[in-house]
Amino acid sequence: MPWDTLFSAANIYAAIAWVILILLPRWEWSMRALLVGGAGLLSLAYAFLIIGFWTGGIDIGPGNGEEGNFSSVAGVQALFAKDGGLVLGWVHYLAFDLFVGLWIAREADERGVSRFIQAPILLATFLAGPLGLTVWLIARETFAKEK
């Protein structure tokens, strides 16, 4: 599959999962489906890509001529300069951000936080993962259940 196609498919898939998470009812079965079928499948795609890269079975494509690796800024830059490396990194972000969004949504529901308050936090998590997580970690103390 061409890298552009995989990139687009992963984006669309993740966006659909986020729309479901933010806008639709959160039944237990739908949350499990989002965990396994959303974050789980994106993680599986990432695992396939990274293992293929590590074993030499997947060529991530031409880049800027430098050896790609995870041990230096130049090495990561070289990886992301390649189409496959960029897709690999992007699928990683999509999988983890969705997983974090699911965790936030479950915890917010348990604390009785309004979906209107959750929506911008989840949107921030979708668009800028650590920002949304930071907002939730600060806000969650406000919504701690009384014991």
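## Contacts of Ala-108

Leaving aside residues up to four places away in sequence, Ala-108 touches Val-113, Gln-118 and Trp-136, where a contact means heavy atoms within 4.5 Å. Ala-108 lies in helix α4; helices here are DSSP runs (H or I, at least four residues), strands are E runs of at least two, and both are numbered from the N terminus. With 0% relative accessibility, Ala-108 counts as buried, a class that covers residues under 20% relative accessible area, whereas exposed means over 50% and partly exposed lies in between (1.4 Å probe, protein chains only). Between the C-alpha atoms of Ala-108 and Asn-11, which are 97 residues apart in sequence, the distance in space is 25 Å.

## Basis of the model and confidence

This is a predicted model, in which local features need pLDDT of at least 70 and side-chain atom pairs count only at pLDDT 80 or more, while totals for chains, interfaces and linings use all residues. Residues are numbered from 1 along each chain as its sequence is written, and side-chain values use heavy atoms, with hydrogens and water left out.

The pLDDT, which is the predictor's confidence in each residue on a scale from 0 to 100, averages 89 over the protein chain, and 95% of the residues score at least 70. Confidence is lowest in helix α3 (residues 73–80), with a mean of 84, and highest in α5, at 96. Where pLDDT is low, the predicted coordinates should not be read in detail.

## Overall architecture

The protein chain contains 6 helices and 0 strands, so that its pattern along the sequence, with helices defined as above, reads α-α-α-α-α-α. Its C-alpha trace spans about 55 × 30 × 20 Å along the principal axes, and 37% of its 147 residues count as buried. Among the contacts with a separation of 6 or more, 63% are accounted for by residues 24 or more positions apart.

## The largest nonpolar core

A nonpolar core is a set of buried Ala, Val, Leu, Ile, Met, Phe, Trp, Tyr and Cys residues joined through side-chain atoms within 4.5 Å. The largest one in this structure has 30 residues, and those with the most contacts inside it are Leu-21, Leu-42, Leu-98, Leu-102 and Leu-122. At least two residues of this core come from each of α1 (3–23), α2 (28–55), α4 (83–110), α5 (115–127) and α6 (129–139), and α4 gives the most, with 11 residues. Leu-102 touches Leu-21, Met-31, Leu-34, Leu-35 and Ala-39, again not counting residues up to four places away in sequence.

## Helix packing around α4

Helix α2 packs against α4 at an angle of about 160°, with the two axes 9 Å apart; axes are lines fitted to C-alpha atoms, for helices over the stretch in contact, and angles run from 0 to 180 degrees between N-to-C directions. That angle makes α2 roughly antiparallel to α4, since angles over 145 degrees count as roughly antiparallel, those under 35 as roughly parallel, 65 to 115 as roughly perpendicular and the rest as oblique. The crossing of α2 past α4 is left-handed, which is the term used if the near helix is turned anticlockwise from the far one by less than a right angle, with right-handed used if it is turned clockwise.

The axes of α4 and α5 come within 9 Å and cross at roughly 165°, and these two helices are therefore roughly antiparallel to each other, although their crossing is right-handed. On the α4 side the contact is made by Asp-97, Val-100, Gly-101, Ile-104, Ala-105, Ala-108 and Asp-109, and on the α5 side by Arg-115, Gln-118, Ile-121, Leu-122, Thr-125 and Phe-126.

## Two partly exposed residues

Phe-7 lies in helix α1 and is partly exposed, with a relative accessible area of 29%. Beyond residues up to four places away in sequence, Phe-7 touches Val-87 and Trp-90. The C-alpha atoms of Phe-7 and Thr-142, which are 135 residues apart along the chain, are separated by 38 Å.

Ala-144 is found in the segment after α6 and is partly exposed, with a relative accessible area of 38%. Its C-alpha atom is separated by 43 Å from that of Asp-4, a residue 140 positions away along the chain.
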